Amino acid sequence: MEKKLVEKMIMNCFKQYYEGDSIPLSDKDLEELTNKILQANESALDDDLYAVVNDAVYDFLTK
């Protein structure tokens, strides 16, 4: 269930940067980003999941 939560959080985070259905994220990218966030969240126990998601999405968009 946590994976679905992270996917929803990613999509909501992208809505900050893009309107409507114009989100530049493929299913493969979503899967990789979700896995990256889940791994980062496990290793950074002090960070909030929301902060980890925002950082990962920002990194994805700036690369």
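A crossing is left-handed if the near helix is turned anticlockwise from the far one by less than a right angle, and right-handed if clockwise. The model is predicted: local features need pLDDT of at least 70 and side-chain atom pairs count only at pLDDT 80 or more, while totals for chains, interfaces and linings use all residues. Residues are numbered from 1 along each chain as its sequence is written, and side-chain values use heavy atoms, with hydrogens and water left out.

**Exercise 1.** Describe how α1 passes α2, and state which residues make the contact.

Solution. Step 1: helices are DSSP runs (H or I, at least four residues), numbered from the N terminus. Helix α1 covers residues 2–14 and helix α2 residues 27–43; their axes come within 10 Å and cross at roughly 110°. Axes are lines fitted to C-alpha atoms, for helices over the stretch in contact, and angles run from 0 to 180 degrees between N-to-C directions.

Step 1: α1 and α2 are therefore roughly perpendicular to each other (65 to 115 degrees; under 35 is roughly parallel, over 145 roughly antiparallel, and the rest oblique). The crossing of α1 past α2 is right-handed.

Step 2: α1 contributes Glu2, Lys3, Val6, Glu7, Ile10, Met11 and Phe14 to the contact, and α2 contributes Leu30, Glu31, Leu33, Thr34, Ile37, Leu38 and Asn41 (contact means heavy atoms within 4.5 Å).

**Exercise 2.** Determine whether Glu7 is buried or exposed, and list its contacts beyond four places in sequence.

Solution. Step 1: Glu7 lies in helix α1. Its relative accessible area is 17%, so Glu7 is buried (under 20%; exposed is over 50%, partly exposed in between, with a 1.4 Å probe and protein chains only).

Step 1: leaving aside neighbours within four places in sequence, Glu7 touches Leu30, Glu31 and Thr34.

**Exercise 3.** Characterise the crossing of α2 and α3.

Solution. Step 1: the axes of α2 and helix α3 (residues 49–62) come within 10 Å and cross at roughly 135°. That makes α2 oblique to α3. The passage of α2 by α3 is right-handed.

Step 1: from α2, the contact residues are Asp29, Leu33, Lys36, Ile37, Ala40 and Asn41; from α3, they are Leu49, Val52, Val53, Ala56, Val57, Asp59 and Phe60.

**Exercise 4.** State which contacts Leu33 makes beyond four places in sequence.

Solution. Leaving aside neighbours within four places in sequence, Leu33 is in contact with Ile10, Phe14, Ala56, Val57 and Phe60.

Technical notes: Helix = DSSP H or I, 4+ residues; strand = E, 2+ residues; numbered from the N terminus.
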